[in-house]
Amino acid sequence: MQDSDGLPTPQRYWAIVTIGLAITMAVMDSAIANVALPTIAQDLNTDAAASIWIINGYQLAIMISLLPLSALGEIVGYRRIYLGGLVLFTLSSLLCALSDSFAMLAFARVAQGFGAAGIMSVNGALVRFVYPQNQLGKGIGINAVIVSISAAAGPTLASAILAVGTWPWLFAINVPLGIVTIAIALRTIPRTPHATHRFDYLSAALSAGTFGLLIAAVDALGHGASYTRFAIAIVATGLLGFWLVRRQLSRTTPLLPMDLLRIPIFTLSVCTSICSFMGQMLAFVALPFLLQGPLQFTAVQTGLLMTPWPIAVGFASPVAGWLADRYPAGLLGGGGLAVFSIGLLALALMPHDASMADVSWRMALCGAGFGFFQSPNNRTLLSAAPRARSGGASGMLGTARLLGQTIGAALVALMFSHFAEGGAVVALYVAAGVALAGAGVSVLRLSARGSASA
């Protein structure tokens, strides 16, 4: 049972490798299928609207199961949840690759989403047990680099695979990677202490219903559903959410971590994370339309122009992680999101004759700001929780990211429906405002109580 200050080397290095490989596959598969949707719909004889469920089914499965799985990880051990998720993700990836009907592929994608949730739900908690406390910022910085680059590089990798193969290879590539990762994980992932309380099945169902309804409502509004349907879904979400919160208040180790949300620094870090990922997704969805529309770049050029963003994240995150062990996260995160906001505003203000260099430095500025925010924020969020509640903190970390991304994508759809050709630019202005709001929330942590690294 591993309860010391981090793993010994070389076990620590191999654990870092397996955590990195698993989270890369889980995060990248959130976006990798987008590029192939038209081809998949044609091959499986389904329409474009129905094919969206290849994306939505994966995201929805993750969203409704993140918190229940993180809570279960505290009880049965993070290692079991992680390995179970990794095995399910690998097997369902094979099923996706072998699918010969839309129904089969949609089912496999939902199963793949539950597997990805098993990985994501305890990823942050495992990082906390792998690294010694004095290197936690560094570890979270490395993890943040992997998550950010995987999310940004997904469409580019998908395009490269489709250039030499068919869409099933988008999923088949996960099978050998998954087998290798499982083999390493069995030998290196630590066994963590188990909690003694029982799993709360009713709270798990309420959590799944609350977040599932919320995501479905926001997504439907972004795709043209009536305001009446949206209002009904939001009311139902509110009722389920009220029941969930009321039930959690009486629990000493709640599934929805109300005990952690009472810690000001934790709650502010969650809110900062939601704002940042909302701004990121607003930009990621809008930018291809801006670059290939008014700016008249090709699809290949668009892929190249998006590259400076993840590269800048890759440079900024480890530096920010190192600084997070020494300086307040409120200051580092606030500064990073302010730079991120400036980069987004610069992209929105680009002239119609902008060159590739004009776009590239703006992309790099966005990536540097985002990378500088993420590591300190994640470190503070995880460190604010007691060690025994690392699963709850890890689950909220993933939930905040997915919630921000889902709302951001829905807002882009709204911008496009209301502003037609100018929707991409409006979305970037909104993204800049959201990022700036996140910077303000981050700075509030300087006066918050509950963590030494505020």
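Guide: Happy to, and please keep in mind that this is a predicted model. Let's begin at Cys 275, whose sulfur has its closest cysteine sulfur in Cys 271, 7.0 Å away. A disulfide needs the two sulfur atoms within 2.5 Å, so that separation is too far for a bond. Cys 275 counts as buried, because its relative accessibility is 17%, and the cut-off for buried is under 20%. Cys 366 is in no disulfide either. For Cys 366, the nearest cysteine sulfur belongs to Cys 275, at a distance of 16 Å. Cys 366 is buried too, with a relative accessible area of 0%. Across the whole structure, the search for disulfides comes back with zero.

Now for the other spots, starting with a loop. Gly 293 sits between helix H13 (264-292) and helix H14 (299-306). With 33% relative accessibility, Gly 293 counts as partly exposed.

Last comes a piece of the surface. Leu 88, Val 110 and Phe 114 form a nonpolar patch there, and together they have about 210 Å² of accessible area. Val 110 belongs to helix H6, which covers residues 102-130. At 30% relative accessibility, Val 110 counts as partly exposed.

Key
Residues numbered from 1 in each chain as written. Predicted model: local features only at pLDDT ≥ 70, side-chain atom pairs only at ≥ 80, totals over all residues. Heavy atoms only, no water. Patch = residues over 30% accessible without salt bridge, like charges linked within 9 Å, V, L, I, M, F, W, Y side chains within 5 Å. Areas by Shrake-Rupley, 256 points an atom, 1.4 Å probe, with all protein chains shown as cover. Salt bridge = Lys/Arg side-chain N within 4 Å of Asp/Glu carboxyl O. Helix = DSSP H or I, 4+ residues; strand = E, 2+ residues; numbered from the N terminus. Buried < 20%, exposed > 50% of the residue type's maximum accessible area, 1.4 Å probe, protein only.
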